[in-house]
Amino acid sequence: MTDYDVVVVGAGPAGSIAAKTAAEKGLDVLLIEKRQEIGVPVRCAEGVSREGLESFVKPDSRWIASEIESAEIISPSNHKVVLSAESAGNEVGYVLERKIFDRYLARLASKAGADVLTKTAAVSFRREDGIVRLGIRSMGEFEEVMTKLVIGADGVESRVAKWAGIDTTLKLNEIESCVQYLMTNIDFEDDKTYFWVGRKYAPGGYIWLFPKGKDAANVGIGVMPSLAERNAKWYLDRFVKENFPEGEIVEVVVGGVPVKGAIDSAVADNVMLAGDAARHTDPITGGGIINAMKAGYYAGLTAYESVEAKDYTAGFLKRYDERWKGDFGENLVRNKKLQEKMVKLDDATLDKLTESLEGVPIEEMSVKRLALELFKKHPKLLWDLREFLK
């Protein structure tokens, strides 16, 4: 006898979609979030693709901060490439209000029948007779919950992954150290995202500006600790001082973003991982919301099939691996190889590449389309990635 069919740990986009999907299939589901409020603090730049978002939910003005029509990439010497949103496949179409969006997704999970508990953390994990005894601490009180399956959507420092013995370790070149300011009193076009690239700005990463309406924007940075001589805040503060000296910082977010690429497996007996816990973040852009939602859906669907079959083994749950790898796994592999190549380029080379695309109409905001255009201009540079660019 178990308390739940599935316990989902973490109420971000991956966890809420997993809980919603499993509950809609008729499973008994518990969704827990260690923080007091779902969606707080915000831990990303909040950009998502239009197509990806709309495949899950209908956009709502309550949690859409900005609609994006173009993206501008700026090189160390100020050469600029503009990508427009005239074709499908754009990777940033909306900037979200994550604080509201995450709560909206959790409410969808609740409406589907999942029990939702905030200020509730998973603190222990023990397999016994084919099920899991998951220790949770809720509002200061400890209890043990029995469940057939655990879906770990508990972020980059996933405890579920460690308990389950799934290898998600990160080397220094597989994580970006990030700082982001919500800023006002700065100039920008409110339907455009901006990316500053090169070691001058952000060694091993980039600086971004994502509009949050007409009078505020997320201005952030990710740097690779193995390449940076200073911490991320130092580089961002220097950039802000030089480019937005009159800007006001009204919110600060810090954190790490995994850029490992596809891991071998995100399952173990009784366990699936989704989102940052499974390293589903794009190694080039650092974006992960849509991949997280897809992974959550696949995890919820696989959980239903697992309960129906009464088989909670890693062998059965491998079908979850097959699903996420068949959807976005190849992109993670391609973009990791592209990222490894790009971080080795010096600023003079990045200037040369960017200058070669200045004025070229690129009617899609995607890494693949940008890589294809670079391949046309500089085939030798990306020759070893030609199989991924078809």
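## The sheet

Two strands count as paired if DSSP finds at least two bridges between them, and strands are DSSP runs (E, at least two residues) numbered from the N terminus. In this predicted model, seven strands form an open sheet with mixed pairing, in the order 6-5-13-14-15-12-16. Strand 6 (80–84) and strand 16 (248–258) are at the edges; each has a single partner strand, so one side of each lacks a neighbour in the sheet.

Let's look at one pair. Strand 12 (residues 175–184) and strand 16 run antiparallel and are joined by 10 bridges. Leucine 182 stands opposite glutamate 251 in strand 16.

## Helix 3

Helices are DSSP runs too (H or I, at least four residues). Helix 3 (residues 98–111) has 14 residues and reaches 19 Å from its first C-alpha to its last, close to the 20 Å expected, which is 1.5 Å times one less than the number of residues.

Several of its residues are buried (under 20% relative accessible area, 1.4 Å probe, protein chains only), including Phe101, Tyr104 and Leu108. Among the elements covering the buried residues of helix 3 are helix 1 (13–24) and helix 6 (289–309), where contact means heavy atoms within 4.5 Å. Just after helix 3, glycine 113 takes a positive phi of about 120 degrees.

## Valine 367

Valine 367 lies in helix 9 (residues 367–377), and it counts as buried because its relative accessibility is 10%.

## How to read this

Residues are numbered from 1 along each chain as its sequence is written. Local features need pLDDT of at least 70, side-chain atom pairs count only at pLDDT 80 or more, totals for chains, interfaces and linings use all residues, and side-chain values use heavy atoms, leaving out hydrogens and water.

Key. Buried means under 20% relative accessible area, exposed over 50%, partly exposed in between (1.4 Å probe, protein chains only).
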